[in-house]
4 protein chains.
Amino acid sequence: MKFNVFSELEFEAATAGTLILNIHALRTPSQTILEESFNIDPYIKFEEIVSVEGNRLVRFEVNDPGSIKVNYKALVDNCIKVTDHSTSQEASLMHLDRSILPYLYPSRYCQSDKLYRLAHNLFGEIDSPFKQVMALTEWITNNVQYLSGSTNVETSAFDTVTEQQGVCRDFAHLGIALCRALTIPARYFTGYAYLLQPPDFHACFEAYVGGEWTFFDATRLIPLNGMVKIAGGRDAADTALANIFGDITLNTINVGCDLAESQFDPIYYFPDYMSGLSYPV
Amino acid sequence: MKFNVFSELEFEAATAGTLILNIHALRTPSQTILEESFNIDPYIKFEEIVSVEGNRLVRFEVNDPGSIKVNYKALVDNCIKVTDHSTSQEASLMHLDRSILPYLYPSRYCQSDKLYRLAHNLFGEIDSPFKQVMALTEWITNNVQYLSGSTNVETSAFDTVTEQQGVCRDFAHLGIALCRALTIPARYFTGYAYLLQPPDFHACFEAYVGGEWTFFDATRLIPLNGMVKIAGGRDAADTALANIFGDITLNTINVGCDLAESQFDPIYYFPDYMSGLSYPV
Amino acid sequence: MKFNVFSELEFEAATAGTLILNIHALRTPSQTILEESFNIDPYIKFEEIVSVEGNRLVRFEVNDPGSIKVNYKALVDNCIKVTDHSTSQEASLMHLDRSILPYLYPSRYCQSDKLYRLAHNLFGEIDSPFKQVMALTEWITNNVQYLSGSTNVETSAFDTVTEQQGVCRDFAHLGIALCRALTIPARYFTGYAYLLQPPDFHACFEAYVGGEWTFFDATRLIPLNGMVKIAGGRDAADTALANIFGDITLNTINVGCDLAESQFDPIYYFPDYMSGLSYPV
Amino acid sequence: MKFNVFSELEFEAATAGTLILNIHALRTPSQTILEESFNIDPYIKFEEIVSVEGNRLVRFEVNDPGSIKVNYKALVDNCIKVTDHSTSQEASLMHLDRSILPYLYPSRYCQSDKLYRLAHNLFGEIDSPFKQVMALTEWITNNVQYLSGSTNVETSAFDTVTEQQGVCRDFAHLGIALCRALTIPARYFTGYAYLLQPPDFHACFEAYVGGEWTFFDATRLIPLNGMVKIAGGRDAADTALANIFGDITLNTINVGCDLAESQFDPIYYFPDYMSGLSYPV
């Protein structure tokens, strides 16, 4: 599918400082960047670096106080993959690639060590990892209310279990923490989202089942095949859209994701569905 | 019912200090103390005071380092009351006695303010407060595992929701917090417990429904009519068996509760039961 | 001192519900209410009750959706007391009145059990309880930043120790928790505050030293003798200005406290001051 | 320096499961493994993998219930480096290698985002990053009490700030969290420790100052140059000595680290010291 995506961020710098942004669409064999532009106004020389997780960061120094506008645009062609998980077994811990192991461990916002008993009480009896993730995603959808502004940057999965409210970030963190508590590797996934209302950056998660990083979104706000991936990581700490060092404030965010071809067949999961969608990397 | 109860506490004082104990059986119109003795060895003059909640405290100063043995024994005759709650309505907040209001508010170990959404998601649709408390008690029984030593004196209801393990104290705190989140007054209840294995002090809770402080025990470790009440309060902070000031350690606890008559018909709640048991005060 | 105080609260009721307000100035031997009026618009019959802590509550039912304006005004004559604490000793736990004991225990927002080591590391060596409270109040003033909107109704003393920001409520909770961790009884104090900018309800705390409930305010926003007391309790859970049951929102608060006589000599504590101010009850 | 190190772990498997151990001494240009042996009794085929952080993991499957003994021994020759930090400046965020960026972000046990204000209040005014880390390490030493068994695997830096007790793991987590809050990259460091009493695995931390991963140990239990490095990572979640999947219990740990040459000149930091020790990798 082809998508036109863009984001405009407006910062106000009170002092000099450094910004590290993570808003570029990921460049992978299955996600091709056909066109792309990135501008900073007023002009600042920037460096593009690739994070240890493989995400595309932009880093630049702000030397003067004042307003800074950042503008990113891209035409992206990505493809998704649908895998039948009817026979997917629990991942053998003996054969997990070393790059996947970190996604089994607790992280800042996904304290899976504290959710062990809860996860096993709720989903421990389910006999396939794909069904477990489907079940926990549905449980989040049914129990957590999407409520703009109800949480903040310190809110973690441990809080959300009980507070039962949050935004996409919180839904994703809880999904990841529950997966890891069940010994299913899981990671955070940020992107541009087609049909998201109101338009914004979106966060979902991937669980490693049947040898695939399978995509899940407990918010049910968008079709599963409508994402343009920006970044993957353990949780929001790894994939912040902006890491700000210095007294600089992010004032406005304007984001968009439009279809760049004529047809789109939305994909959703339904109960008892045994096929999983993935964004291959 | 008549019960012989006793408790023996052994403290080791490294320095001088003050102890406030709350191990005396409550004296109420429906719980008569037929015989009672309280000794401290070596002898220390003590004062008996009644707490603001009406509990019987014993206070004394330890002037010398060393071992202190406290021994309490009583023969208690108490009676319980069974009330049909088929038609019990939600308590009118307009008519709640002022003495009951504090049991609506969050306390140290029962952060009902943080469990509001969870309580309403799980039990908000249930149409009678008695059924709500029955349901939440059963939910705790089914989801929290009784595990000696799994929690400590800082563990609160907010933790137990997610950690799903604990001892009687934690079961009671969670029950109370869920009740209060549903605007049902609830309080902590400590006592000597008949048939508790291994013998120990026990903690349960009361919810104010249908004009009665109705008794609940999510641990299901004892028959509901087997308690000799020691104390009531907002949570364990109000009803600690020993408040210790100074470098004094409680080393051993030995507790017992035996039937002092020939027959005992145990009472348990069952699903769909609409009668509640209370210990009138 | 004579003060004119007033408060206007505007609620919006989406459904029927019950309100319990705690905005009346306390009536005590040393705080005389010379004139007073309380109105609800549209008119609703209300009941005045006295809480178990002795605070003046107003309770009424809202039967119809819509806007409700509450208006309270009073002319109050209060007097404060100044006590020399040069020789005040640690309170003997043997002689504390039973009404004071609850203020030694941890409560919802003042988890003194968790701050024991911190309190003793910072203030344990100080040799008089008055100096300890002076020192901890100053420590809060120096380390916690007053920042409107930085905290919410779930923020507790345990959070504030580390987050080091908050509003008057958080300053008071931390002061109370530190006192209790040092075995100094402490309680929450709400009131109308003269010279507070911007005008608002204010929260401070009292510590029981030298046989007096001595007044402290770590925010240093007002002169210590400028309060008209509304309520005392363990923490904000006991003394909420409005307990709301039902889908009713408190939209606006308008508060004032003006001097009703010609002269006012502000009192502040200074380092090494050994006199404490109290609002006798 | 040459050290003989060993560790013996005894597991009891109730069911089949998988173990991932991280007890091998790291192999780096400056830490040479002269001799090494690793045995599992009864014999189980194992795989050695290198984690994404570069640590040496051993992974094996336990197929049968029963006791498993693991034995690791090595003769290691490592060297440390001493760097003068008198003129070390704040790291330029523009020039930090991408491999260092993750050590700026909060992690499971090091919630630097929550300690921002505390870190800046305490150490923000200090004018060199080396002095900041020296100061915060000393602050931890002075304020946190080393107390075996006082914390557990869920305890995090946020807890330790207030609870002020813990073991080496907690001292390291707090050091890391404070560094990151000051925008100083910091990571967890586990190893075999010479002269540690009682012998055990040890945990410390490294802060990235003056272009070096400089070594710090707030416990002050060992000479700084007495470590044989096992692993580095964001916190204990990345570097667990044993990740256990299945119902397998680690029952006993026996660890040792002896000098394998005749002389050892212990190095400690002292106040106002401006030289830092590092274990080059």
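Author: Let's start with one idea: two residues are in contact if their C-beta atoms, placed from the backbone, lie within 7 Å. The model here is predicted.

Reader: OK, then what covers the buried residues of H1(C)?

Author: The cover includes H2, H3 (157–163) and H4 of chain C, together with helix H3 (157–163) of chain D.

Reader: And which residues of helix H1 of chain C are the buried ones? What makes a residue "buried"?

Author: They are C:Tyr116, C:Leu118, C:Ala119 and C:Phe123, in a helix that runs over residues 116–123. The word needs 20 or more other C-beta atoms within 10 Å of the residue's own. These four residues of H1(C) count as buried, so each of them meets that cut-off.

Reader: What angle do helix H2 and helix H4 of chain C pack at?

Author: About 145 degrees, with the axes 10 Å apart. H2(C) covers residues 129–143 and H4(C) covers 168–181.

Reader: What kind of crossing is it when H2(C) passes H4(C), left-handed or right-handed?

Author: Right-handed. That name means the near helix is turned clockwise from the far one, by less than a right angle.

Reader: Which residues meet there?

Author: From H2(C) come C:Val133, C:Leu136, C:Thr137 and C:Ile140. They meet C:Phe171, C:Leu174, C:Gly175, C:Leu178 and C:Cys179 of H4(C). By class, that gives seven nonpolar residues, two polar and no charged ones. Gly counts as polar by this scheme, so C:Gly175, which is part of the contact, goes in the polar group.

Reader: On to chains A and B: why are the two copies said to be related as by a two-fold rotation axis?

Author: Chain B can be laid on chain A by a turn of 180 degrees and a shift of 0.0 Å along the axis, with an RMSD of 0.0 Å. The two copies are therefore related as by a two-fold rotation axis. In chain B, the C-alpha nearest that axis belongs to B:Thr162, 3.6 Å away.

Reader: What makes it the same surface in both copies?

Author: 100% of the contact residues of chain B recur in chain A.

Reader: How many residues does that contact take from each chain?

Author: 13 from chain B and 13 from chain A. On the chain B side, H1 (116–123) and H3 (157–163) each supply at least two residues, and the largest share, four residues, comes from H3(B). That side divides into four nonpolar, six polar and three charged residues.

Reader: How many residues does the contact of chain C with chain B take?

Author: 26 from chain C and 26 from chain B. Strands S3 (46–50) and S4 (56–62) of chain C are the elements giving two or more residues to its side.

Conventions. Residues are numbered from 1 along each chain as its sequence is written. Chains are lettered from A and ligands numbered from 1 in the order in which they are written. This is a predicted model: local features need pLDDT of at least 70, side-chain atom pairs count only at pLDDT 80 or more; totals for chains, interfaces and linings use all residues. Axes are lines fitted to C-alpha atoms, for helices over the stretch in contact, and angles run from 0 to 180 degrees between N-to-C directions. Copies are superposed by least squares on the C-alpha atoms of residues with pLDDT of at least 70 in both. A residue is buried if 20 or more other C-beta atoms lie within 10 Å of its own, exposed if 12 or fewer, and partly exposed in between; C-beta atoms are placed from the backbone.
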